[in-house]
Amino acid sequence: MLADRFAGVVLASAAGDALGAPHEFASRISATTPLTMSGGGPFGFGPGEWTDDTQMALALLVPLAAGDTSIAAVEDGFLSWHAAGPRDVGSQTRAVLTVGAPLTAAAAQYLKYQPGSAGNGGLMRVGPAALSFPHDPRRIRDYAAASTAITHADADCIDDSVLWALAIDRAIYSAPDASDALIDLSRRRS
């Protein structure tokens with residue numbers, strides 16, 4: 001069951017990203033607009049194709065899957081991804097990755113010259129940080145903070161990423177089993 005929840009963290013995030021990809025940078029859509037894996041948008045995404053957010057989440061996920069929890073591995077993954085010339089890169093992330101390693105210093109420098117630059121790039125990719133140290137909030141906090149600070153040094157960005165990673169960890173271990181929820185629902189209907 002835990003393996004299913006871990007997979008759900010990754011798959012739900014990637015699916016949601018792909019669902020929203022055609023609407024990136026568009027005006028607000030109506031609540032009645034059907035959402036489908038249609039593709040399109042400003043970057044010409046294919047149906048079901050995800051954005052830079054999921055692509056960068058993989059830079060966290062791949063080393064974690066291999067047992068490497070070092071921030072250096074994440075930085076290397078970001079730099080390799082950027083060097084491959086992705087078509088969709090957030091402006092703050094692009095600015096930091098273009099400077100190059102060490103990225104944490106580049107992100108701090110970016111913040112110094114762009115005060116208040118609190119983009120959501122760190123938050124959008126932080127899901128795998130919740131999987132980094134199962135049910136160990138202190139280590140998840142540290143990993144989420146460090147992996148966000150690579151490109152987004154603003155304290156609000158870091159705090160938001162930490163809170164999201166901790167919420168994911170809490171949900172993994174605290175959410176009721178789906179079968180328990182169905183049984184509870186059927187009892188209420190009786």
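Hi everyone, thanks for coming. Before anything else, please keep in mind that this is a predicted model.

Let's start with a pair of helices. As a reminder, two packed helices are described by the angle between their axes and the distance between the axes. Here the pair is α3, residues 71-83, and α7, residues 137-149; their axes come within 10 Å and cross at roughly 30°. The crossing of α3 past α7 is right-handed. Which residues make the contact? On the α3 side they are Ile71, Val74 and Phe78, and on the α7 side Tyr143, Ala146 and Ser147. Sorted by class, that gives 5 nonpolar residues, 1 polar residue and no charged ones.

In general, nonpolar side chains in soluble globular proteins tend to be buried together. The largest nonpolar core in this model has 29 residues, and the members that touch the most others are Phe78, Ala129, Tyr143 and Ala165. Six helices each supply at least two residues to this core: α2 (52-65), α3, α4 (91-99), α5 (103-113), α7 and α8 (155-174). Which helix gives the most? That is α8, with 5 residues.

Phe78 deserves a moment of its own. If we set aside neighbours within four places in sequence, Phe78 is in contact with Met56, Ala59, Leu60, Leu97, Leu103, Arg125, Ser147, Ile150 and Thr151.

Now for some backbone details, which I always enjoy. Most residues other than glycine have a negative phi, and most peptide bonds are trans. Here are the exceptions I'd like to show you. In the loop between α4 and α5 sits Pro102, and the peptide bond leading from Ala101 to Pro102 is cis, with omega near -5°.

Next is Phe25, in the loop between α1 (2-20) and α2. Phe25 is not a glycine, yet its phi is positive, at about 65°. Is Phe25 buried or exposed? It is exposed, with a relative accessible area of 66%. His135 belongs to the loop between α6 (121-125) and α7. Its phi is also positive, near 55°, and His135 is exposed too, at 52% relative accessible area.

Ala65 is in helix α2 and counts as exposed, with 71% relative accessibility. From Ala65 to Gly85 there are 20 residues in sequence and 24 Å in space, C-alpha to C-alpha. Ala175 is in the loop between α8 and α9 (178-189), and at 34% relative accessibility Ala175 counts as partly exposed. Not counting residues up to four places away in sequence, Ala175 touches Arg5 and Arg170. Ala175 and Gly90 are 85 residues apart in sequence, and their C-alpha atoms are 33 Å apart in space.

That's my tour; I'm happy to take questions.

Notes
Residues are numbered from 1 along each chain as its sequence is written. This is a predicted model: local features need pLDDT of at least 70, side-chain atom pairs count only at pLDDT 80 or more; totals for chains, interfaces and linings use all residues. Side-chain values use heavy atoms; hydrogens and water are left out. Axes are lines fitted to C-alpha atoms, for helices over the stretch in contact, and angles run from 0 to 180 degrees between N-to-C directions. Helices (H or I, at least four residues) and strands (E, at least two) are DSSP runs, numbered from the N terminus. A crossing is left-handed if the near helix is turned anticlockwise from the far one by less than a right angle, and right-handed if clockwise. Contact means heavy atoms within 4.5 Å. Ala, Val, Leu, Ile, Met, Phe, Trp, Tyr, Cys and Pro count as nonpolar, Asp, Glu, Lys and Arg as charged, and the others, Gly among them, as polar. A nonpolar core is a set of buried Ala, Val, Leu, Ile, Met, Phe, Trp, Tyr and Cys residues joined through side-chain atoms within 4.5 Å. Buried means under 20% relative accessible area, exposed over 50%, partly exposed in between (1.4 Å probe, protein chains only).
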